[in-house]
Amino acid sequence: MTAAQTFADFASTLRHAPISDVVVHHAKRAIIDWYAALLPGAVEFPATLLEQALHEDLDRGGARLALGRPATLRTAALINGTAAHTVEVDDIYREAIFHPGAPTIAAALAMAQARQASGLQMVRGVVAGYEVSTRIGAALGREHYRYWHNTGTVGTFGAVSAAATLLDLDAARHAHALCTGATFAAGLQQAFRMDSMSKPLHAGHAAEAGVLAALAAEQGVTGSLDVLDGEAGMGRAMSQAPDWGQAVATLGSEFHITRMTFKNHACCGHTFAPIDGALELRARMGVQWRDLQAIEVATYGPALEVAGNFEPHTAAEARFSIPFVVATALIHGSVRLSAFTPERLRDADIRALMSRIRLSVDPALDAGFPGRRAARVTFSTTDGRMDAYLQPTRKGDPEQPLTDADLSDKFMELAAPVVGSARAHALLQSLWRLEGCENVLGL
């Protein structure tokens, strides 16, 4: 069998096979975290602009946008997928270098709403999407991430398998859906190396493309079954001939959804180890930011390629600036949504501290990427002291996970300003009980 057929054979079993309580719980954690990212993104550009652009597909259809507005199935997936990736607080599967939640859960929710599925059916779709997409992303590896935005490319497979599972597609049609989705997959790194709205659109496009591929397969549309592992397939075209046998080896025995990274800062995940390391070193040395004469951050290469911007002028650019977010954390103690207001972007103290920061690639830390996201932070103070700290991982990574209480707090912090505390609390409680929900439209 081809790689796509093997993935589809496994994913199709999730339609009806028992799923452990542990896996269900982790799926709910992912869905809660997705909603925490969705709601603040839904009231920002580009999601609000998409509502204007696609108005003919709104106020009708069986799916819903974040705040309840009716939408057609594909448009709901597109807009919600975009919204969930907008404010940079969505989840990460570290080894695959991508954010599975934004496209996968957007597709799952839209399909579940349109087909009036139960909460458990939606959970099954989410698990299928995460297990397939994370393995494809890990197989494509670092070479793929050099030019491609994995959330747009790999995210398409998460959306396909989520939608196909909710459509109850058998293994053969699920495989064709994956293969059609493969040729829809897109998203370029260069699209977010400068200020633009393209990055979140990648997640939205992946969600919509996945839904389309699954709907087409339901009606009998076929794809090239060797599109992943063929001579001119995705593996060769967009990576370095990955080992597909290794990629499928742990299907069913390991569930990647139990090893997610949930963000503790509202910015690019490549900046997290520098932030965490700087805050830890500040506490250990007992220094204030005004005492710092020089700050050195050594980390892995892609972090500097993506987030080495010393001159951010917009919120989008600042989220991808290690100097900006490290300076912000040292002055204000955290990097939340408030870190990217116009006032903060113009803050003279932040800019002054940024000028004292130096970035470099540490070969040993670079060799550990993507499975390890570390940074070494060194402070030199005005009174002549110097100390360094190696941040071996990020708070929120599987080795230092956010607790259920942490996730609930994150949800309330991000959702309450958008929908109000009472509505946010009620939604949160419903999501923690999702597997017992008879119809997700009732959320």
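Predicted model: local features only at pLDDT ≥ 70, side-chain atom pairs only at ≥ 80, totals over all residues.
Residues are numbered from 1 along each chain as its sequence is written, and side-chain values use heavy atoms, with hydrogens and water left out. Helices (H or I, at least four residues) and strands (E, at least two) are DSSP runs, numbered from the N terminus.

**Helix α15**

- Among the buried residues of α15 are F324, V325, V326 and L330.
- After α15 comes G333, which has a positive phi near 90°.

**Helix α4**

- Helix α4 (residues 73–84) is largely enclosed by the rest of the structure, because 11 of its 12 residues are buried.
- Its buried residues include L73, N80 and A84, and what covers the buried residues of α4 includes α2 (21–42), β1 (58–64) and α9 (198–218).
- From its first C-alpha to its last, α4 reaches 16 Å, close to the 16 Å expected at 1.5 Å a residue, the expected span being 1.5 Å times one less than the number of residues.

**Strand β5 and its partners**

- Strand β5 (residues 375–381) is mostly covered, with six of its seven residues buried.
- On one hand, β5 runs antiparallel to β3 (residues 292–299), to which seven bridges join it, and A294 stands opposite S380; two strands pair if DSSP finds at least two bridges between them.
- On the other hand, six bridges join β5 to the antiparallel strand β6 (residues 386–391), and here V377 stands opposite Y389.
- The hairpin of β5 and β6 has four residues between the strands, and within this hairpin G384 takes a positive phi near 95°.

**Backbone angles to notice**

- Most residues other than glycine have a negative phi, and most peptide bonds are trans.
- The peptide bond from F45 to P46 is cis, with omega near 5°, and P46 lies in the loop between α2 and α3.
- Another cis peptide bond joins F369 and P370, with omega about 10°, and P370 is found in the loop between α18 (363–367) and β5.
- D59, in strand β1, has a positive phi near 65°.
- Q116 has a positive phi near 50°, and at 53% relative accessibility Q116 counts as exposed.

Terms used. Buried < 20%, exposed > 50% of the residue type's maximum accessible area, 1.4 Å probe, protein only. Contact = heavy atoms within 4.5 Å.
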